[in-house]
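The following exercises concern a single protein chain. Each task is followed by a solution in steps.

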Amino acid sequence: MISKKSIEKELFPDMITAIIEKLQRKKQRMILEKHPQVSVGKSLKLGINNHFIVYPKIKNFILGDHVSLRNYIHIIVQNGAILEIGNNVFLNNQCSITCLDKISIGENTLFGENVKLYDHNHSYQRNENNLKISHSEFTTAPISIGKNCWVGSNVVVLKGVEIGDNCIIGAGCVIHKNIPANSTIFNNQEQILKTN
């Protein structure tokens, strides 16, 4: 027979975890809702350990209705930037969006785990035998991801890219040029199998 004490011992850590997670979600929501340039739609679902850095002078950050941000999401929107996330967008665990210019994600788009969006590169100068990379100056160009897209796990989307509606981007792709609507892109790696 299970004693009341052993049940309490098992349930207590779960209760503490649930309280901490609830407080985390509340803090995340406050960061978003208190910013004058952030618009949060209906039924935003937030996971745990998400990290939002929203600079004071952004142009706009829009989260549509029924957006779902899983766990360990990292979003930065810097001064002067625009981030638009449409209705019914889902970002899976460990996705990262760093927005210095403009990034838009169309409605009903699904991200696998660990998708990364970068609308910028570090500025650099190359001389004969020297490379100087700036830590704080960037070149930027907008990213646009259409409606009804599926962006697979570990995809990286680089600055200046437009992905049309209804596209599938396979796991592990690095997208550095435009993708027309209704396309399927996959990472064509040769896998060599050796057997003895």
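**Exercise 1.** Determine whether L91 is buried or exposed, and describe its surroundings.

*Solution.* 
1. L91 has a relative accessible area of 0%. The model is a predicted one.
2. Buried means under 20% relative accessible area, so L91 is classed as buried.
3. In secondary structure, L91 belongs to strand 8, residues 90-91.
4. Leaving aside residues up to four places away in sequence, L91 is in contact with S68, L69, R70, I73, I97 and F111.
5. V67 lies 24 residues from L91 along the chain, and the C-alpha atoms of the two are 8.3 Å apart.

**Exercise 2.** Identify the residues that form the salt bridge, and state where they lie and how accessible they are.

*Solution.* 
1. The structure contains one salt bridge.
2. Its partners are R29 and E33, with 3.6 Å between the closest N and O atoms.
3. The cut-off for a salt bridge is 4 Å, and the 3.6 Å separation is within it.
4. Both residues are in helix 1 (residues 4-34); because they are four residues apart there, about one helical turn separates them.
5. R29, at 29% relative accessibility, is partly exposed; E33, at 47%, is also partly exposed.

**Exercise 3.** Summarise the protein chain as a whole.

*Solution.* 
1. Of the 196 residues, 35% are buried.
2. Of the contacts between residues at least 6 apart in sequence, 20% connect residues at least 24 apart.
3. The accessible surface is about 12,500 Å², with 51% belonging to carbon and sulfur atoms.

Technical notes. Residues numbered from 1 in each chain as written. Predicted model: local features only at pLDDT ≥ 70, side-chain atom pairs only at ≥ 80, totals over all residues. Heavy atoms only, no water. Helix = DSSP H or I, 4+ residues; strand = E, 2+ residues; numbered from the N terminus. Buried < 20%, exposed > 50% of the residue type's maximum accessible area, 1.4 Å probe, protein only. Contact = heavy atoms within 4.5 Å. Areas by Shrake-Rupley, 256 points an atom, 1.4 Å probe, with all protein chains shown as cover. Salt bridge = Lys/Arg side-chain N within 4 Å of Asp/Glu carboxyl O.
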